[in-house]
Amino acid sequence: MDRWYTATLLSLIAHQIDAAFWHEWEMFRVPGGIQGFLVFNAVAVGILLHGYQHVVLRTPNARRYALLCGGMGVLTALLHAGFALAGRQEFHLPLSIATIIACLMTGSMLVFKALKSR
């Protein structure tokens with residue numbers, strides 16, 4: 001499960017780097033603009049990094065954090081698919097699309113592995 005967690009977290013972080021280029025805070029109308037976007041990312045990445053520690057150490061909370069991280073990967077892809085269907089032009093470069101697909105694929109596998117680890 002830790003390899004899928006790492007892959008999902010890497011995909012999400014790469015996506016957030018790309019999201020800064022595309023001014024994602026404007027798409028989501030984040031309060032505070034870039035400042036709110038940075039606060040969100042500091043909290044989200046902090047929580048997911050903390051979760052990685054649980055996964056690696058196989059603590060009782062590892063499964064919950066894996067489901068959270070995997071769910072974030074899947075949700076990221078679904079939200080951006082919705083934006084694309086609505087006609088938004090952001091995230092249409094090949095590597096932007098590849099990163100979003102990576103979030104979906106790795107996130108889905110992480111959720112599958114976490115559910116299977118019961």
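Visitor: By the pairing rule, how many aromatic pairs does the count come to?

Guide: Rings of Phe, Tyr and Trp (its six-membered ring) pair if their centres lie within 6.5 Å; planes under 30 degrees apart are stacked, those over 60 are edge-to-face, and the rest are tilted. By this rule the count is five aromatic pairs. One of them joins Phe-21 and Trp-22 edge-to-face, at 5.0 Å centre to centre with 85 degrees between the planes. The model is predicted: local features need pLDDT of at least 70 and side-chain atom pairs count only at pLDDT 80 or more, while totals for chains, interfaces and linings use all residues. Residues are numbered from 1 along each chain as its sequence is written, and side-chain values use heavy atoms, leaving out hydrogens and water.

Visitor: Is Phe-21 buried or exposed?

Guide: Buried means under 20% relative accessible area, exposed over 50%, and partly exposed in between (1.4 Å probe, protein chains only). Phe-21 has a relative accessible area of 55%, so Phe-21 is exposed.

Visitor: Which parts of the chain does the pair of Phe-28 and Phe-83 link?

Guide: Helices (H or I, at least four residues) are DSSP runs, numbered from the N terminus. Phe-28 lies in the loop between helix H2 (24-27) and H3, and Phe-83 in helix H4, 55 residues apart.

Visitor: Which residues make up the largest nonpolar core?

Guide: A nonpolar core is a set of buried Ala, Val, Leu, Ile, Met, Phe, Trp, Tyr and Cys residues joined through side-chain atoms within 4.5 Å. The largest has 11 residues, including Tyr-5, Leu-12, Leu-48 and Cys-103. Helices H1 (2-21), H3 (34-57), H4 (62-85) and H5 (94-116) each supply at least two residues of this core.
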